[in-house]
Amino acid sequence: MVPDAPRLLRADAARNAEKIIRAAREVFTEQGPEAHLDEVARRAGVGPATLFRRFPDKAALLRAVLDQRFGENVRPVIQAAAHDPDPASGLARVLAAALESVAGDFNVLAAARAAGVLTPATGEEFFAALDDLLARGQGAGAIRADLVPDDLHRIVVMLVSVLWTIDPGEDGWRRYLALVLDGLSPAGARPLPCPAPALRPRTP
């Protein structure tokens, strides 16, 4: 039996989209915000019209790249952490996976920032998962009880900012993650000096 034409077209479109996204990550990693979509199309082995039919502009393509990377590198770790019998260990692995992913896509993120892709909505799934992991860890007594979700959100922003101070590809961020993880532990924790201030909306 010969598959029907619409099914073949959908499969071909899906393959092209995958090739374009993979090529885009490669090109933006090499060239950062200055990368051109014509080069992405060339690297993917498709025509510019095919690329623009699926991704009308650079922002749409970068969103797809970031979504794919999150799905590959971070979401599986979040899902595993939700069932980890050691909540603190699960949270540590999620933070490490997120930072490793950001570090590996440093130039992609720079391009996404320049294209206006990094909005408050970009990290909603990740930060919602952190809130759940924090509550689980506090319920088990594995994470200090005086932390609130806004504290953890700010800590992540602080850790990501470290990446802009070191050479791409270096893993010096692990030093600061280790320091932060010690601070999240209830062991020897001193009372925090004031309540958490209101969290302003994250901006690109």
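Predicted model: local features only at pLDDT ≥ 70, side-chain atom pairs only at ≥ 80, totals over all residues.
What covers the buried residues of helix 9? Helix 6, helix 7, helix 8 and helix 10 are among the elements that do. The points below build up to that picture and go on from it.

1. The protein chain has 10 helices and zero strands. Read along the sequence, the pattern is α-α-α-α-α-α-α-α-α-α.

2. **Extent and burial.** The C-alpha trace spans about 65 × 45 × 30 Å along its principal axes. The chain has 204 residues, and 38% of them count as buried.

3. **Contacts along the chain.** Take the contacts between residues at least 6 apart in sequence. Of these, 70% join residues at least 24 apart.

4. **Charge.** There are 24 positive and 26 negative side chains. The centres of the two sets lie 3 Å apart.

5. **Helix 6, length.** Helix 6 runs over residues 87-104, which is 18 residues. At 1.5 Å a residue it should span 26 Å.

6. **Helix 6, packing.** The buried residues of helix 6 are Pro87, Gly90, Leu91, Ala92, Val94, Leu95, Ala96, Ala97, Ala98, Leu99, Ser101 and Ala103. They pack against helix 4 (58-73), helix 5 (75-81) and helix 7 (106-114), and also against helix 8 (124-139), helix 9 (149-163) and helix 10 (173-184).

7. **Leu95 as a case in point.** Leu95 lies in helix 6. Its relative accessibility is 3%, and buried means under 20%, so Leu95 counts as buried. Which residues does Leu95 contact, leaving aside its neighbours within four places in sequence? They are Leu130, Val156, Leu177 and Leu181. Leu181 is 86 residues from Leu95 along the chain, yet their C-alpha atoms are separated by 9.5 Å.

8. **Helix 9.** This helix has 15 residues. From first C-alpha to last it reaches 22 Å, close to the 21 Å expected at 1.5 Å a residue. Asp151, Leu152, His153, Ile155, Val156, Leu159, Val162 and Leu163 are buried in helix 9. Val156 is also one of the contacts of Leu95. The cover over the buried residues of helix 9 includes helix 6, helix 7, helix 8 and helix 10.

9. **Aromatic pairs: Phe106 and Trp164.** A search of the whole structure finds two aromatic pairs. One of them joins Phe106 and Trp164, with 4.6 Å centre to centre and 45° between the planes; the pair is tilted. It links distant parts of the chain: Phe106 is in helix 7, Trp164 is in the loop between helix 9 and helix 10, and they are 58 residues apart. Are the two partners buried or partly exposed? Phe106 is buried, with a relative accessible area of 17%. Trp164 is at 36% relative accessibility and so counts as partly exposed.

10. **Aromatic pairs: Phe126 and Phe127.** The ring centres of Phe126 and Phe127 are 5.4 Å apart, and their planes stand at 70°. Planes over 60 degrees apart count as edge-to-face, so this pair falls in that class. Both Phe126 and Phe127 are buried.

Methods:
Residues numbered from 1 in each chain as written. Heavy atoms only, no water. Helix = DSSP H or I, 4+ residues; strand = E, 2+ residues; numbered from the N terminus. Buried < 20%, exposed > 50% of the residue type's maximum accessible area, 1.4 Å probe, protein only. Contact = heavy atoms within 4.5 Å. Lys, Arg positive; Asp, Glu negative; His and termini not counted. Charge placed at Lys NZ, Arg CZ, Asp CG, Glu CD. Expected span 1.5 Å × (residues − 1). Phe/Tyr/Trp six-rings, centres within 6.5 Å; stacked < 30°, edge-to-face > 60°.
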